[in-house]
Amino acid sequence: MGGQHKGSRSTSGLQCSRGQQVGALLLVILTSLVTRIVDRAVNPSTPSNFPSFHLSSSPDQRYADPFAGHGLNWPDRGFGSRLSIKIYVYDDQEIHGLSELMRGRDGTISPDSCAKGQWGTQVKIHRFLLQSKFRAMKKEEADLFFVPTYVKCVRMSGGLTDKEINQTFVKVVLSQMPYFRLSGGRDHIFVFPSGAGAHLFRSWPVFLNRSIFLTPEGDRTDKRDTSAFNSWKDIIIPGNVDDGITALHSSPVVEPIPLSRRKYLANFLGRAQGKFGRLQLIDLAKQFPDKLESPELKLTGPNKLGRTDYFHHLRNAKFCLAPRGESSWTLRFYEAFFVECVPVILSDQVELPFQNIIDFRLFSIKWPSTHISTELLDYLQSIPDAKIEEMLAEGRRVRCLWVYAPETEPCSAMMGILWELQRKVRRFHQSTETFWLHNGSIVNRELVPMSRWKVPLLLP
C-alpha cells in the first residue's frame, strides 16, 4: 500500500507539472505580444525622411548603420528621433563690433576670401545657418545662439591683432549680449577652425570657457599645456576640404585611380614644420623612395605645388599618412577619402568628429607616433589589397559627412553638426550673475528684470 501511495503521489505530481508547463507557455506568448505592442507604442516607425537601421559591418554589432538608405540617421540615444533645434544667428549690425570680427578694423576683408582654406568653416557654417530651416528669427524662440566671427581669417589677413580681437570680444561683443549673460555663454556657439588652438586668444579660454566651440582640432598643441577645448561641451567638426575635390554634383578636379596603378605604398604631402614625426617621415622617404613619397612642398614661387597637382600626388598611394602639425589634426585625413587612399593617423592626441555614429576602425588606421620607422612601412605592406578595397568602400560611405553642404543634402557635415548641437540643448539656463523669482522672472544681482538690463553688461 505504501508503494501504491507513492505511485499515486507521483502521478499527481506529473499532472500538476504538465499544467504548469501549459500555463508557462501561455504566459510566454502573452508576454511576447504585450512586449511588441509596448515597443511599437514607445518606438514608433521611423519618419519617412530618415532611413531605417540595419546591422552594421562594424566589429561591434550593438550599433546600427546610420547610413542605410544613403541618408543619415543619428541614434535616438540622447539626440531624439528628429531634428527640432532652433538656432538664433546674431547679425553683424545688431551688435557693435561684430562686423570688425568678420571683416577687420577697416572692413576690407571679404567673407569670400575667408571661405577658402582651413578657416573656411567659420564662413560656411554661418552661411548655411542663415539659410537653415532650423534658424530662429526671435531670440525668445531659440535653443542656441550662433555668434558669427571670422577671427582666424581676420587675424591671418592682418585685419586685427590678437590684442584687438580680445578687446573686441570682451569689451564690445560679449558685454552687449544679454542672453550670453543669462546662460553664462552655455548656449552660445563659436567656430574656431584651425591653427594654434582657440586658446590663442586669451578671451576664449577665459570668457568663453562655458560656450560651445565647433573646432576640428581638439585644441591640443605643442606650444601650450593649457587648452580651451573641452570634450564635455565642445564639438569636433571636419576640416574644410577643397570644394573642387568633394564635388557633390559635378566631376571632382581629380578622380581616384585603381590600386594596381598606384606607384607608392604610402605618401606624406606636407611641410616638416620642425615636427619630429614629420621629419621622421621625410627621412624614411629618402631611405625608401620606391615605397614612400614625400616631395618637398613649395608654397610660393615657380615650383609651387598647385591644387590639382597636390591631389594627383595624394591619389598615387594606397595609404595617406597624416601626422600632426601645429595642432593634433590635419586636413590630409579628410582629403584622403576623396582620392580614396586609406588614411593613417600618426597623431596620438587627435580628436575625431561624429564618434556617436562612426566607427573609425572600419576605414582608417591609427598608428603610434612613437613607432614611425620601417616597422610602419612593413606593417602597411603586409595588408592585402582586398582588405584595402574593403576599407576604401567603407570610407566612401562616410565621406559625405566631411562635406560642408546645405541641409537639403541627406548627409553632410552641416547635418552632423546640427544633430550634435541638438544634444547640447537645455530647457533651463542660469549663471553666477542671473537669478529668478517666484513668478519666473529672470533678474540680475541688483534684482533688475532681464527686459531692463542695459549694455554694457558685466560678464558672467
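**Exercise 1. The order of the strands**

Task: In what order do the 5 strands of the open sheet stand, and in which sense do they pair?

Solution. The structure is a predicted model. Its open sheet holds 5 strands in the order β8-β7-β9-β10-β11, with parallel pairing. Strands of a sheet pair through backbone hydrogen bonds, in either a parallel or an antiparallel sense. β8 (292-293) and β11 (365-366) are the edge strands; each has a single partner strand, so one side of each has no neighbour in the sheet.

**Exercise 2. From strand to strand**

Task: How many bridges join β7 to β8, and how many are there between β7 and β9?

Solution. 
- Step 1. β7 and β8 run parallel and are joined by 2 bridges. Asn 267 stands opposite Glu 293 in β8.
- Step 2. The path from β7 to β8 goes through helix α10 (residues 276-287), and this β-α-β crossover is right-handed.
- Step 3. Strand β7 (residues 264-267) pairs with β9 in the parallel sense over 3 bridges. Here Asn 267 stands opposite Cys 320 in β9.

Task: Which residue of β10 is the bridge partner of Leu 321, and which residue of β11 is the bridge partner of Val 344?

Solution. 
- Step 1. β9 (residues 317-323) and β10 (residues 342-346) pair in the parallel sense, with 5 bridges between them. The partner of Leu 321 in β10 is Val 344.
- Step 2. β10 and β11 also run parallel, joined by 2 bridges. In β11, Val 344 has Ile 365 as its bridge partner.
- Step 3. β9, α12 and β10 together make a β-α-β unit, and the unit is right-handed.

**Exercise 3. Helix α14**

Task: What span should the 14 residues of helix α14 have at 1.5 Å a residue, and how far apart are its end C-alpha atoms?

Solution. 
- Step 1. The expected span is 1.5 Å times one less than the number of residues. For the 14 residues of α14 (residues 385-398) this should come to 20 Å.

Task: Which residues of α14 are buried, and what covers them?

Solution. 
- Step 1. The buried residues in α14 are Ile 388, Met 391, Leu 392, Glu 394, Gly 395 and Val 398. Around the axis they cover an arc of only 160 degrees, which puts them on the same side of α14.
- Step 2. An α-helix has 3.6 residues a turn, so residues three or four places apart point the same way.
- Step 3. The cover over the buried residues of α14 includes β9, α12 (332-339), β10 and β11.

**Exercise 4. The disulfides**

Task: How many disulfides are there, and what is the pairing when the bonded cysteines are numbered in sequence order?

Solution. With sulfur atoms within 2.5 Å as the cut-off, the count is 3 disulfides. In sequence order the bonded cysteines pair 1-2, 3-4, 5-6.

Task: Where do the cysteines of each disulfide lie, and is each link left-handed or right-handed?

Solution. 
- Step 1. Cys 114 is joined to Cys 153, S to S 2.0 Å. The link of Cys 114 and Cys 153 has -75 degrees about the S-S bond and is left-handed. Cys 114 lies in helix α3 (residues 111-114) and Cys 153 in helix α5 (residues 151-156), so the pair ties together parts 39 residues apart in sequence. Cys 114 is buried, with a relative accessible area of 1%, and Cys 153 is buried with a relative accessible area of 1%.
- Step 2. Cys 320 and Cys 341 form a disulfide with their sulfur atoms 1.7 Å apart. The torsion about the S-S bond of Cys 320 and Cys 341 is about -110 degrees, so this disulfide is left-handed. Cys 320 is in strand β9 and Cys 341 in the loop between α12 and β10, 21 residues apart. Both Cys 320 and Cys 341 are buried.
- Step 3. Cys 400 is joined to Cys 411, S to S 2.0 Å. The link of Cys 400 and Cys 411, with 70 degrees about the S-S bond, is right-handed. Cys 400 and Cys 411 are both in the loop between α14 and α15 (413-422), 11 residues apart. Both Cys 400 and Cys 411 are buried.

Terms used:
Residues numbered from 1 in each chain as written. Predicted model: local features only at pLDDT ≥ 70, side-chain atom pairs only at ≥ 80, totals over all residues. Heavy atoms only, no water. Pairing = 2+ DSSP bridges. Helix = DSSP H or I, 4+ residues; strand = E, 2+ residues; numbered from the N terminus. Right-handed = clockwise from strand over helix to strand, strands pointing away. Buried < 20%, exposed > 50% of the residue type's maximum accessible area, 1.4 Å probe, protein only. Arc of directions from axis to C-beta. Contact = heavy atoms within 4.5 Å.
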